[in-house]
Amino acid sequence: MKKRKKLTPPRPPVTARASVTTSPARTLDLPEKQEPDCPPLGLESLRVSDNQLDASSSQSFGLGPHRGRLNIQSGLEDGDLFDGAWCAEQQDAKPWLQVDARHPTRFSGIITQGRNSIWRYDWVTSYKVQFSNDSLTWWGSKNRSSGMDAVFPANSDPETPVLNLLPEPQVARFIRLLPQTWLQGGASCLRAEILACPVSDPNGLLPEVPVLGSSDTLDFRHHDYKAMRKLMKQVNEQCPNITRVYSIGRSHQGLKLYVMEMSDQPGEHELGEPEVRYVAGMHGNEALGRELLLLLMQFLCREFLRGDPRVTRLLTETRIHLLPSMNPDGYETAFRRGSELVGWAEGRWNHQGIDLNHNFADLNTPLWEAEDDGLVPDSVPNHHLPLPTYYTLPNATVAPETRAVIKWMERIPFVLSANLHGGELVVSYPFDMTRTPWAARELTPTPDEAVFRWLSTVYAGTNWAMQDPDRRPCHSQDFSLYGNIINGADWHTVPGSMNDFSYLHTNCFEVTVELSCDKFPHENELPQEWENNKDALLTYLEQVRMGIAGVVKDKDTEIGIADAVIAVDGINHDVTTAWGGDYWRLLTPGDYVVTASAEGYHTATRSCRVTFEEGPVPCNFHLTKTPKQRLRELLAAGAKVPPDLRRRLERLRGQN
């Protein structure tokens, strides 16, 4: 998601004991029950629909009550349909924002923010709270000591979430926030989340509150560093034959970057078996991806032990690597603040203040400059671009987390990857950086546009939340109009992204998945988020079978040739073979002319047809050494030059 300015420290929360008072007349007669820690009602996560929100007035449609959601982000222009808060009209002397919970609900607290805007400063500094069961008769939250209406302190800046617990939780259907004071010269604007617990009807007359759940018995909670490490160890102990936990490096504060490997032969690259990865937690406050990968490793282990055929095939034909936390320092910061109080940006950066998704080497610029000069691919390769010299210097601003991931990419021949983020519902694909310098957004496709659109559509098309026809946009763009996928640069330019780097420096095709409107959803929403993404996570991994695969071997020795180049006619991006000579080339269905080449060998070309059947389609090559290469090897071994080779060399000299 786009960067926002760093947040200031929040105000101390108002404390309260979690007791329930007898509500005044017209309230429901419900039994007492202790609920000290109510979850969010769902304004931020969109479980609360737009028609459940109402207000006394609004300055415009873009500042209507449906925009009064915690952490909602504005569009670029004031006055459009997607502004950054609910704002009452200037002449509204008694403004209010109302939420209909639709069921008897135990309200326990409120979290507020000001207006998100790059042009204006507006926030409420104090408010009262009222409750109702019919939206006609209202009663207020009272101070226990004075019995007067409680006035709650609100915000002192637009972004920091401020929590107020009610002096005494109240059971009702409706809740109203009534701003009392706001920033001088500003307007009555706020974003909010309501803390509320569902209450059952003892008489069974009211419909049951929908329960967010999953049939999978997994560990649905947020895991800090120690809990994550413990869970990964437990999965490894439960499935020792298909799992391996390893570290690729350390964060700036010394936390290890743990990876869970899952395969029928963990710890080794099997010839012909593709390597895939999921990376989460690049931005520490985008916590859903972290939990989804922890859930995925539990699920794969359990289903493999049960003999599930889909999972068994996935683990026997693929080597899977799961990195749940690329930025553990940032996550620990966000985790300490809590899912509802972390705001939009706190914990995003690593401990050095570096945004890791802008920290990879910019290989786009040197490639495009070489293309403009006509040097690609004859003088400058269109793949495996080297790291720029400036990037390798000791004083280069490269985070230790970034360096660790780059070395990981270079060590393992990854074919497919997805980078899990949060704050939107969309899949974006490379290029992430605009080709026109300084352009904020511009369609910038790769030579593999068809493959990336296929991969993105596969995830978006199997994600329940993205496919919900009734869902509303998260913030200011409706990605459902475009199938919930977008070219990254056409959304907003991201120089130094991991997606672009992965494509240009390695063989790996990688997309970014924005998993949820809520960057750090509450624990009670994790079961539903798992259901939203479970099939998509599995189906995306299976796409590594799409295209062609094979082994490039020496015709005489039958030994695999490492670093052979695989070129496809019409696609200006090549891939290379791994150390055993095996390769994988993702392609959409069609007929292709494929050429294999390697230093010291004659090139070989053949036609390969990719169908809609489950692949990959075998496309093997045997390369013959050139006479010069054979001569080098013979001379190096101290052998005599055979007469046939001597004659061929003499003919070649005569031609020259």
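Predicted model: local features only at pLDDT ≥ 70, side-chain atom pairs only at ≥ 80, totals over all residues.

Reader: Which residue does UniProt list for "active site"?

Author: The unreviewed UniProt entry lists E514 under that heading, and in the model E514 is found in strand β16, which covers residues 509-516.

Reader: Is E514 buried or exposed?

Author: E514 has a relative accessibility of 2%, and because buried means under 20%, it counts as buried. A polar atom of the E514 side chain also lies 3.3 Å from the backbone nitrogen of G422.

Reader: Okay, and where is N419 found?

Author: N419 is found in strand β13, residues 414-421, and with a relative accessible area of 0% N419 is buried as well. Its side chain makes a polar contact, at 3.0 Å, with the side chain of H421.

Reader: What else is N419 in contact with, leaving aside its neighbours within four places in sequence?

Author: Its contacts include V279, M282 and N357, and also M498, N499, E510 and V511. Of these, M498 and N499 are buried residues of helix α11.

Reader: How many residues of α11 are buried, then?

Author: For helix α11, residues 498-505, that is 8 of the 8, so the helix is largely enclosed by the rest of the structure.

Reader: Switching topic, how far apart are the end C-alpha atoms of α2?

Author: They are 27 Å apart, which agrees with the 27 Å that 19 residues should span at 1.5 Å a residue. Helix α2 is mostly covered, with 16 of its 19 residues buried, and just after it G307 takes a positive phi of about 85 degrees.

How values were computed
Residues numbered from 1 in each chain as written. Heavy atoms only, no water. UniProt positions renumbered as here; feature names shortened; annotations may be inferred. Helix = DSSP H or I, 4+ residues; strand = E, 2+ residues; numbered from the N terminus. Buried < 20%, exposed > 50% of the residue type's maximum accessible area, 1.4 Å probe, protein only. Polar contact = N/O pair within 3.5 Å; in protein donor to acceptor, adjacent residues only side chain to side chain. Expected span 1.5 Å × (residues − 1). Contact = heavy atoms within 4.5 Å.
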